[in-house]
There are 2 protein chains.
Amino acid sequence: LVEDSVLRSIPLFADVDEEVVASIAETGHEKEYSRDEVIFDQGSEAEYLHLLMAGQVGMTAQSSDGRTAVLEVMRPVEVFSIASVLSDAPHLTGAMALEPCWVVRIPAAEIRRFTDEHPPLARTMLHVIGQQFRMIVRQVKDLKLRSSTQRLGCYLLALAREQNVEGEFRLPYDKRLLAGRLGMTPENLSRAFASLREYGVETHGSRVALHNPAALEAFAAPDFLR
Amino acid sequence: LVEDSVLRSIPLFADVDEEVVASIAETGHEKEYSRDEVIFDQGSEAEYLHLLMAGQVGMTAQSSDGRTAVLEVMRPVEVFSIASVLSDAPHLTGAMALEPCWVVRIPAAEIRRFTDEHPPLARTMLHVIGQQFRMIVRQVKDLKLRSSTQRLGCYLLALAREQNVEGEFRLPYDKRLLAGRLGMTPENLSRAFASLREYGVETHGSRVALHNPAALEAFAAPDFLR
């Protein structure tokens, strides 16, 4: 059983009637995962809508040489598996705890029933899936239109913008995960960091400083459509 | 003004009440585009939901060197700009007629109002956007986990499967567009076709034959999660 107040704290449920949120909470449960624990496998049926309350989760896929690659990292509070749940279809990616995680799970059939019966919840679902859709369209543009070094440059510019810093900032996760997020190998990522030195990018472990953002922008050509 | 019967022929509206479809039709209009005509620009406000009734439309983006790249090709009957319309946000990609097209346009504000007021329409929108979301997740997996030659192999295998043919089939659009769809340059695409010869891929213009699908599958490692 999940406390109403937990669900109420999630933007997904902000516009939904209190009684409806309470009923949804009754169908859900909380679950903790330890580091590296599998949350669900690629190809498995979507049994739950997942709400990530704490910790980081990697969306994973098997690469053609059998490795498990992390395609995307989710940070709290975030909903995941929403498209599989609403389409009642198998998961296209797996999910794995990258550190100890706290997840609320709502059974897929229940969330589909609530979404059918409560238009404000349907509206919110449309909004959330629309936002996630746009996030992934940006990734496709990035992957198709930029070199891997430009992708890294855009990522660092977005991070600096998001954290609203002029000086130094930290990468939110390790370089192996960052490589997967940007669609390159760890070796390629190291080479890309080295290439960006000439545009004023300085790194010490996970600390990054952008000494010449204008030059980096001219090279990486970000677009800031949100 | 759009005929009800036109909208009724679209799966999007199959489960929606007749009177609602009639009201939606009243707000819409039909528009023809000639080859290479811009339907909307990247970054512009989403004014309409677009229903492609005939012709092919390319979803476009500016690459960092200023070229217009076609990221995806839509074929009838397909809905496009749905995420921008529902999120009331600027278009992340442009759209361009790749050949003479017939499009039905429904004003964005009207479609948001109808979606709010009619739960069966909201349900259908969720289904459509969920399907498009999954389509694009598959693209991201493809772009991040496979080489460009493997991507071409997977694409040809999917095409053969879709057209359910053992022998020869035709590419649905020209090689320049195919290169954009697969995230490579036309030169890379030619090299990839040449590399696939050793796995039994034979091409003559737009005609393709797969003489050894098993070898091609072993090389390209497709997954058929839908």
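Predicted model: local features only at pLDDT ≥ 70, side-chain atom pairs only at ≥ 80, totals over all residues.
Residues are numbered from 1 along each chain as its sequence is written, chains are lettered from A and ligands numbered from 1 in the order in which they are written, and side-chain values use heavy atoms, leaving out hydrogens and water.

Back to A:Arg113, and to its partners. It forms a salt bridge (a side-chain nitrogen of Lys or Arg within 4 Å of a carboxyl oxygen of Asp or Glu) with A:Glu110, the closest N and O atoms being 2.7 Å apart. Both residues sit in helix α4 (residues 108-117) of chain A, 3 residues apart, about one turn of the helix. Helices here are DSSP runs of H or I with at least four residues, strands are runs of E with at least two, and both are numbered from the N terminus. A:Glu110 counts as partly exposed because its relative accessible area is 24%.

A:Arg113 also has a salt bridge with A:Glu117, with 3.6 Å between the closest N and O atoms. This pair lies in helix α4 of chain A too, 4 residues apart, again about one turn. At 46% relative accessibility, A:Glu117 is partly exposed.

Now for a pair that links two chains. B:Asp116 makes a salt bridge with A:Arg123, the closest N and O atoms being 2.8 Å apart. The pair crosses from helix α4 (residues 108-117) of chain B to helix α5 (residues 119-145) of chain A. Salt bridges that share partners, meanwhile, join A:Glu110, A:Arg113 and A:Glu117 into one network. Over all chains, a search of the whole structure finds 17 salt bridges.

Finally, look at charges without such partners. A patch is made of residues with over 30% relative accessible area and no salt bridge, joining like charges within 9 Å and nonpolar side chains (Val, Leu, Ile, Met, Phe, Trp, Tyr) within 5 Å. One negative surface patch includes A:Glu3, A:Asp17, A:Glu18 and A:Glu30. Helix α2 (18-27) and strand β1 (29-33) of chain A each give two or more residues to it, and the largest share, 3 residues, comes from α2(A). A:Glu18 is found in that helix, and counts as exposed because its relative accessibility is 58%.

How values were computed. Areas by Shrake-Rupley, 256 points an atom, 1.4 Å probe, with all protein chains shown as cover. Lys, Arg positive; Asp, Glu negative; His and termini not counted. Charge placed at Lys NZ, Arg CZ, Asp CG, Glu CD. Buried < 20%, exposed > 50% of the residue type's maximum accessible area, 1.4 Å probe, protein only.
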